[in-house]
Structures are given as structure tokens and as C-alpha cells.
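Here are my notes on the model, as numbered points. Please read them with the structure open.

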Amino acid sequence: MDRKGWIVVILCAVGIVLYTPYMMRSMQPPPAAAPGEAAPEAVAETPSPAERGMPTQAPSESPAPAAGAEERTLQLKTDKAVFEFSNLGGGIVKAELLEHAATLEPNGSIILNEHGPGPVGALASGAGSIESQAFTVVRHDDREVVFERTDADGIRITKRYSVPDGEDADGYLIDLDITMVNGGSKDYVRKDVSLYTGALAPLHPAEWPQQTGFAWRDYKEMRYKPVSFFNARRFIVQFSEEKELLQQSADGLIWAGVMNQFYAILVTSRAPAPGEIWASRFPVELKGYPEARRGAKPLHAIQGGVGLPEIRLGRGQQSSFSYEIYLGPKEYARLNNLGKDRREIMNYGNFPVLGWVVAPVSRLLVRALVFLEGKVGSFGIAILIITFVIRILIWPLHAKSTRTMKRMASLSPKMAELKEKYPDDPQKLNQEMMALYKDYGVNPFGGCLPAFLQLPIFLGFYRMLQSAVELRHEGFLWVQDLSMPDTLFRIPFLGDLPFNLMPLLMAVTMLIQMKVAPKSGDKTQQRIFMFMPVIFLFICYNFASALALYWTAQNIFSIGQTWYMGRLPEPELVKKKDKPGGTSNLMEQAKNRTKVAGQGPQHTKSKAQKRKRRK
């Protein structure tokens with residue numbers, strides 16, 4: 001890449017550097033496990049309701065279980081998950097994902113909603129007041145669980161949870177049908193009833209605050225609020241208080257739910273209608289991590305609810321509501337197949353300024369990775385294949401860019417002369433430099449195109465890997481988990497700094513690439529560009545090792561291509577000839593005509609005298 005190409009790279013890299021601290025909390029990644037030892041798993045201690053910061057509710061708004069009510073748990077199983085139900089609140093207490101291990105060592109599965117104060121599917125009166133009254137189990141078999149209860153107003157509530165039928169049914173889905181029948185003596189009107197979506201906490205202390213949050217989709221768009229949304233806003237001084245609750249109306253609410261970096265719980269309405277969503281956060285503590293990080297910010301879980309449409313029941317009337325509840329991984333292909341824009345929880349477009357470019361690139365990359373992994377059996381090899389294909393596709397552009405840079409390097413002496421000639425006239429200097437480029441047929445922007453093509457791919461990888469559950473616990477070479485940094489050990493005398501080898505290799509290969517590339521620009525500019533490896537090292541050091549693997553591989557391919565181009569004959573620096581009628585020829589003809597016209601009658605008289613002497 002030439003000077004302008006690297007300027008583009010630097011600007012985008014600086015944007016990422018400024019964006020990364022905004023997303024990261026002031027804490028380090030989890031400690032590396034000793035060889036042969038499983039990494040510690042994040043286990044949250046569920047605090048009391050008062051510690052969660054939930055709004056205080058009157059007893060009538062959040063009925064407690066009847067005295068002596070006994071909890072009864074039941075299960076529904078699919079090939080993907082085990083769903084555990086409770087009659088207290090009548091919902092899904094937790095979901096165990098059978099194909100997703102909690103740690104690198106298979107000693108347990110990921111559990112969703114294990115930190116929630118209530119079951120998924122419980123009704124809530126207003127925001128945060130989750131129902132815990134006992135239901136009667138009407139029916140339970142291997143396909144469905146049916147709960148029923150009648151409240152003090154004579155409203156009979158029936159909840160039917162069932163496993164979807166069909167061979168193509170997703171194993172992480174549960175259908176929920178709610179029926180309310182007014183068996184009382186009065187009309188019944190409620191506007192504040194919501195369906196609890198459950199709660200999710202970060203999987204590990206290094207998870208960014210932006211990766212745990214609440215999302216909802218209506219007819220207009222998908223919106224997302226991370227746990228950091230509830231923070232007090234500060235800039236030198238605090239200018240807003242910490243928020244306790246998110247509450248917002250939605251026109252045509254399609255789905256809503258909670259998520260962390262890799263997993264989600266989504267409640268999707270089969271008949272979208274106007275409703276209200278709410279969300280709040282509460283602190284959690286993760287066991288198995290050092291206590292030395294006392295200055296680190298607390299971790300928070302997120303919980304929320306989906307408002308039901310306004311309920312109006314005359315005596316003897318009934319209303320029904322149908323939902324799909326997804327409790328599973330954030331796999332793009334799976335969510336895309338589910339429809340109703342549930343794939344949008346990947347949030348690929350959530351990127352400053354360039355989100356409209358990053359989103360489609362991220363979608364293409366995750367599809368390609370999953371497809372290639374299915375063929376070769378390794379995500380690491382799939383990343384190398386993608387890198388190779390990209391480098392082959394841009395090979396003609398890279399070759400042309402290299403030739404352009406060599407020709408520009410050959411023009412350096414002439415450009416230095418122009419700088420000496422016009423030291424105080426930058427406008428004239430720029431005009432002369434453009435004329436110089438034109439005379440020798442050099443496009444000063446010719447080296448930029450490969451950089452422009454590679455940057456969206458790099459940014460697409462960067463955004464996609466933030467939630468790529470497909471790469472979780474997938475190893476390659478010495479890397480145990482491509483979705484995490486490849487920490488080999490920690491350096492005690494550097495504040496327990498993790499030693500991550502892959503980003504260090506990436507920085508070294510970047511330095512080599514810059515050394516072998518043709519030089520353009522002055523010495524000061526070249527020294528500035530040498531900081532690029534440091535910037536990229538900062539970006540990738542505590543990020544998913546798959547990103548550093550991709551960039552290291554593309555550096556190696558680029559070094560090889562540059563070495564090959566260096567063995568080819570040097571391009572000749574020949575002044576471009578104008579075509580007949582070209583600008584230079586026309587200007588020369590104009591000058592000749594002016595010269596002839598300036599000689600006028602004297603020139604004519606001289607010719608006449610010569611003819612006379614010959615006679």
C-alpha cells in the first residue's frame with residue numbers, strides 16, 4: 001500500500017481504538033487455566049430482589065406463593081436442550097443446552113436463565129414485578145406441559161408449553177399458548193401485564209458491557225440497549241443519574257429478549273400487536289476468578305418483559321395469546337431460518353459510521369466460515385482458506401498497486417526537486433505534482449484500492465467475531481478457543497499481563513510486510529506508518545484470536561506476493577506521450593501560431609527579399 005492507502009488504514013484503526021475502550025470495562029480477561037486443567041466457569045450468585053435494584057412492589061402487585069405451596073418441577077426434552085419448568089409462576093426455570101459445554105473440559109452444559117428471579121413465561125404486573133403464584137399442573141407428557149390457575153377476580157389462566165412438531169422444528173424452541181377466561185362477575189380490564197423474558201449474565205469477566213443487553217423488534221426496526229445503558233453519564237462531571245428501568249412502547253411488537261455475548265432468550269409473538277417492553281439490570285458475582293481485581297467494575301445481568309396487548313374481558317369472554325420462546329445460541333444461520341428478523345440480534349450493523357458496510361460483510365463471512373468448516377472440519381483452516389481466496393481475488397489489484405508504488409518511488413527525486421522549488425507555495429506544488437503524475441502516467445491513488453477492499457473484511461471479521469458462538473471452544477494449533485485470546489501464560493512482573501502469542505505474530509508479520517513493500521513518501525511519513533503494527537496489536541491483543549489469525553495469514557500472503565513482484569523487472573519510468581490532438585500537442589501548436597503571428601510583416605518581407613535575390 002502507498003501513503004494514502006496507509007492513511008485510510010490508520011484512520012479506520014484509530015476509529016476502532018477509540019471505539020474499543022467505550023465497549024470494554026476496566027478489567028482483564030479471565031486467568032489462563034493450568035495445562036490439563038479446565039478454565040474456571042462463570043457462576044453467578046443470585047442476589048436477593050433488594051440487591052437487584054428492582055422497583056419495590058406492593059404485595060398485591062406481586063403475589064407471593066400461597067402458604068404451604070410446594071414447588072413442582074417438570075421437564076421437556078429435545079435433541080438440543082432440556083427445559084425445566086416450575087409450577088411457581090408457571091414457566092421455564094432454566095434451559096440446559098446439551099451441545100454447548102460450560103468450559104473447555106466437558107464437565108457441564110451452558111444453563112440459560114439460571115440467574116433469573118422468575119421463570120421465563122411468568123406473568124408480571126408492571127415492570128419488574130414477576131408473578132410467583134402456584135399453578136396446577138393439568139397435563140404433562142414428553143411433548144407438552146399445561147399449567148392452570150384462577151385468581152381472586154375469577155380469571156382462569158391456562159398456559160400450554162409444547163415442543164414444536166415436525167422434523168425441521170428447531171430444538172431450542174418452545175411454543176407457549178396463553179388463554180384467559182373471565183369466570184368472574186365483573187368485566188376485567190388490564191393494561192400492565194407482561195411476559196417475563198428471563199435473565200442472562202455475562203459468561204466471563206472479560207465480556208464487554210455492550211455484549212449483554214436487551215433487544216426488541218417492532219414493525220419499524222430492531223433496537224438494542226446494553227447493560228451500560230443504565231450507567232450514569234459522565235464527562236468530566238456527572239450529568240445524568242443511573243437508570244433503574246428501561247420502559248418503552250412499541251408499535252407492532254414482534255419479539256423481545258435478553259442476550260449475552262453468545263446466547264439469547266427471545267419471546268416472539270405470533271400475532272404482533274402494540275405493547276410495551278421493559279428491562280432492568282442487577283449485579284452478579286462470578287465465582288472462580290481472582291479477588292485481586294477489586295477495583296474492577298461490577299458485572300450485571302439483564303432481565304426484561306414483553307407487554308401483552310390490552311386485556312378486555314366481559315363476563316364469560318376469553319382472550320388467547322401465542323408465542324415462540326427461543327432459548328439457545330446466537331447462531332446466524334439458525335436465527336435466519338427462524339424468520340421474523342430474529343437474525344438481527346447479531347447486531348452486525350452496530351458499528352460507528354461504517355455499519356452499513358460491515359453488516360453484509362459480517363453475514364457473508366459467518367456463512368462462509370460455517371460452510372467451509374463443514375467441509376474441512378476446522379474453523380482455523382476455514383479462516384486460512386478464506387484468507388487465501390481473498391488474496392487471490394485481489395491479486396491483480398495488488399500487483400497493479402505494487403507497480404504503481406514502485407513508479408512513485410522512482411519519481412521521488414523529481415518530487416523532491418519540486419518541493420525545493422516551491423517551498424512556500426503548497427497550491428502550486430500540488431498542481432506541479434499532479435502534472436508530474438500525469439506526465440508519467442502514475443495514478444497517485446492506485447495503491448489505495450487493495451486497502452479499501454481489505455478494510456471492510458477486517459472490520460467484518462472484527463464485528464462478526466464479537467458474537468460468533470460457532471467459534472466458541474474451537475481450537476487451532478496452540479489456540480484452545482478461537483473466540484477468545486490465546487493466552488499461554490501470564491507475566492507476573494508486568495502486572496499479571498497475559499502473554500497472547502497470535503497478536504504478537506500478527507504485529508511481527510506487519511513489520512516485515514512494511515519492510516518489504518516499496519517505499520513511498522518521506523522519512524517522517526514512513527516512521528509514522530511504522531506505528532501501524534502497534535495500533536493493530538492494541539486492537540487485537542485481548543480480542544478473539546481468530547481475528548489475529550486472519551490478519552497474520554493475510555500478512556504472510558502479502559509478503560509472499562510482494563516478494564514475487566520484487567523479482568519481476570522494474571517498471572520503466574517513461575514520460576507519457578500525448579496522443580495526436582492531446583493537450584500537450586494542442587498547447588505546442590498554439591505556441592507556434594502565437595510565435596508566427598508575433599513575427600508579422602517583418603517575417604513576410606524577409607521571405608519576399610529572398611525570392612527577389614534568387615531571380
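1. Leaving aside neighbours within four places in sequence, L465 is in contact with L471, F543, A544, A546 and L547; contact means heavy atoms within 4.5 Å. L465 is also one of the residues with the most contacts inside the largest nonpolar core, together with M180 and F461. That core has 114 residues, and its largest share, 8 residues, comes from strand β17 (residues 246-259). A second, separate core of 10 residues includes A122, A201, W278 and A301. A nonpolar core is a set of buried Ala, Val, Leu, Ile, Met, Phe, Trp, Tyr and Cys residues joined through side-chain atoms within 4.5 Å.

2. On the source: this is a predicted model, in which local features need pLDDT of at least 70 and side-chain atom pairs count only at pLDDT 80 or more, while totals for chains, interfaces and linings use all residues. Residues are numbered from 1 along each chain as its sequence is written, and side-chain values use heavy atoms, with hydrogens and water left out.

3. For the protein chain as a whole, the secondary structure comes to 13 helices and 23 strands. Both are DSSP runs numbered from the N terminus (helices H or I, at least four residues; strands E, at least two). Of the 615 residues, 48% count as buried, where buried means under 20% relative accessible area, exposed over 50%, and partly exposed in between (1.4 Å probe, protein chains only). Among contacts between residues at least 6 apart in sequence, 70% join residues at least 24 apart.

4. A search of the whole structure finds 12 aromatic pairs. Rings of Phe, Tyr and Trp (its six-membered ring) pair if their centres lie within 6.5 Å; planes under 30 degrees apart count as stacked, over 60 as edge-to-face and the rest as tilted. The centres of the Y172 and Y326 rings are 6.1 Å apart with the planes at 70°, so this pair is edge-to-face. Y172 lies in the loop between β9 (155-162) and β10 (173-182), and Y326 in strand β21 (residues 318-329), 154 residues apart. Both Y172 and Y326 are buried.

5. The F388 and F557 rings form a tilted pair, because their centres are 5.6 Å apart and their planes are at 55°. This pair joins helix α4 (residues 379-393), which holds F388, to helix α12 (residues 545-566), which holds F557, across 169 residues. F388 is partly exposed at 44% relative accessibility, and F557 is partly exposed with a relative accessible area of 29%. Elsewhere, ring pairs link F85, F135, F147 and Y161 into a cluster.

6. Helix α11 (residues 532-540) has M532, P533, F536, I539 and C540 as its buried residues. Why do they lie on the same side of α11? They cover an arc of only 120° around the axis, the arc being that of the directions from the helix axis to the C-beta atoms.

7. Helix α3 (residues 355-376) has 22 residues and reaches 31 Å from its first C-alpha to its last, close to the 32 Å expected; the expected span is 1.5 Å times one less than the number of residues. Its buried residues include G355, V357, V361, L365 and L372. G377 follows α3 and has a positive phi, near 80°.

8. V479 is found in the loop between α8 (449-464) and β22 (487-491), and counts as buried at 3% relative accessibility. Beyond its neighbours within four places in sequence, V479 is in contact with D486, M502 and S545.
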